[in-house]
Amino acid sequence: MRFLEISCLLFCLLAILSLGSQYPKLQKGLLTLSVVALALHLGIEGWRWQMVPVYVAISLLIFMTIRQTEVSGMLIGSKIAVLMLLSVPLFMLPIPSYPELSGAASVGTDSFDVVDNERGRVLPTKVWFPIDKPTLTKTAELQSAPWLEHQEKIGPVLARIAAMPGFIFNHLRHFKNGYKSDLKLAVANDKPLIVLSHGRGGIKEMNGFMAMEFASQGYIVIAPDHTKGAMYTVLQNGSEIPFDPKEFAEGENLPDPEYDQRIRELGQRWVQDLAVVTSYVQQEIPELANKQVISGGHSTGGGTAIEFCNQDARCIGAIGLDAWMLPIAEETLDELNKPLLSFFGDSRLEYFEPINRERFVRLQQASNKKQVLNKEFVIANANHIDFCDAGLLSPYSYLFGQDKGKIKTQRVMQIINQHSITFAEAIRNNAADKITWQHFPEEMNWGE
């Protein structure tokens, strides 16, 4: 909850408690504070539907105070119980926020469509990049960027997937993600590009927590929607492309070998997506033409990031966020020769089938043979969506069968960002063998 929302709720509760007391001045004072907090909340933070019970309660308080209505203690208790119950959405669906950024740079964002004519494929792409403070002060048109572009179209789809009413995620308009800017204003430096891949049914914004942190550290970050494999894609011209279950061979009841082959073919399409958007950005900004690349991704995007790094000569390392290993080609599992940093959820939660672990072990064995860095972190009580922005949508979604752990998603993100920056800085300086990893108490060994 935001500060002024908490203030509204707190003063409202205290004002209700003061009803019928022998201190009318106290009652009026608390009501005044409630109204002031409400006015500031509406003017500064902006309204959201989860606050409607509080808005109604404050309005009733004003009415009762003007009418000098007498209220019994039982009625006061009932109203507090009702208000607390109706305020549950405030806690279940907070305004998401990222962990505090550790880098010094302000973050700009830009979006555009990348057209791959050879494959007849359009890839909406978002970039995050460092912009200096003078740019912020001199460029008046810079405004906070929304986390979710085209929310009016994508928000209801997200709600439908969660089996909720279409308005349920309207409050995400308050979730900000850097400043609207132009990629050409990015501060150029010698750091690699970061290219990120979302998971099955995800969107390009789903790795935003990592993108924001890397951009604050001076990196330029690129993330596309994998069209038809993304939850819902909206092009710059307003055209819409929904998720296509056929991309993942869903509902086709294929034998395992055929299904595996289809997913590896999907992985190759997504690898090409990453290559195309990276080349586009490098062509648009000449200073980026010869930059190295670090790939990363969540779930299906994690497997894609590993496969991309193995194939693309520009890539010097990959980061997997609870990666699904099936999109990775069989030969890559035994031949990977690029540094790899991997994060996985609590093995006790058994999100993936055992084959996923078996394939990852093959990657580890290949790295060991080639004496290439392959570092793994397993985070206790973290589940699959804790490794992407989806885990921020509700801290208690695990109560409703969602693949979220009981750990705070922001904490998982802090751990990922700290290790990822350490990894990126080391491999770009050819110092992978000299890394001193920070230890976090939430880390565990696989199978504990």
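**The chain as a whole**

Of the 448 residues in the protein chain, 56% count as buried, where buried means under 20% relative accessible area, exposed over 50%, and partly exposed in between, with a 1.4 Å probe and protein chains only. Before going on: this is a predicted model, in which local features need pLDDT of at least 70, side-chain atom pairs count only at pLDDT 80 or more, and totals for chains, interfaces and linings use all residues. Residues are numbered from 1 along each chain as its sequence is written, and side-chain values use heavy atoms, with hydrogens and water left out.

The secondary structure comes to 13 helices and 13 strands; these are DSSP runs, helices being H or I of at least four residues and strands E of at least two, numbered from the N terminus. Along its principal axes the C-alpha trace spans about 80 × 50 × 45 Å.

Contact here means heavy atoms within 4.5 Å. Among contacts between residues at least 6 apart in sequence, 72% join residues at least 24 apart.

**Two pockets**

A pocket is an open set of points on a 1 Å grid over the protein atoms alone, where a 1.4 Å probe fits, with protein on both sides within 12 Å along at least five of seven lines; lining residues have an atom within 4 Å of a point. Grid points are joined across faces, edges and corners, and a volume is the space filled by probe spheres set on the points.

The largest pocket holds about 1,100 Å³ of space. It is lined by 42 residues, and the closest to its centre are Leu158, Ile161, Ile385, Ala390 and Gln402. Which helix gives the largest share of this lining? H7 does, with 4 residues. Helices H5 (88-92) and H7 (151-161) each supply at least two. By class, the lining has 27 nonpolar, 11 polar and 4 charged residues. Ala, Val, Leu, Ile, Met, Phe, Trp, Tyr, Cys and Pro count as nonpolar, Asp, Glu, Lys and Arg as charged, and the others, Gly among them, as polar.

The second largest pocket has about 490 Å³. Of its 21 lining residues, Met1, Pro94, Pro395, Lys408 and Gln410 are the closest to the centre. At least two lining residues come from each of H5 and helix H13 (409-428).

**Single residues**

His171 sits in the loop between H7 and strand E4 (176-180) and is buried, at 0% relative accessible area. Leaving aside neighbours within four places in sequence, His171 contacts Arg48, Trp49, Gln50, Leu93, Pro94 and Ile95.

Ser299 lies between strand E9 (293-298) and helix H10 (300-311), in the loop. Is Ser299 buried or exposed? It counts as buried, because its relative accessibility is 9%. Beyond four places in sequence, Ser299 touches residues including Asp322 and His384.

Most residues other than glycine have a negative phi. Asp322 has a positive one, about 45°, and is buried at 3% relative accessibility. Asn430 also has a positive phi, near 55°, but is exposed, with a relative accessible area of 70%.
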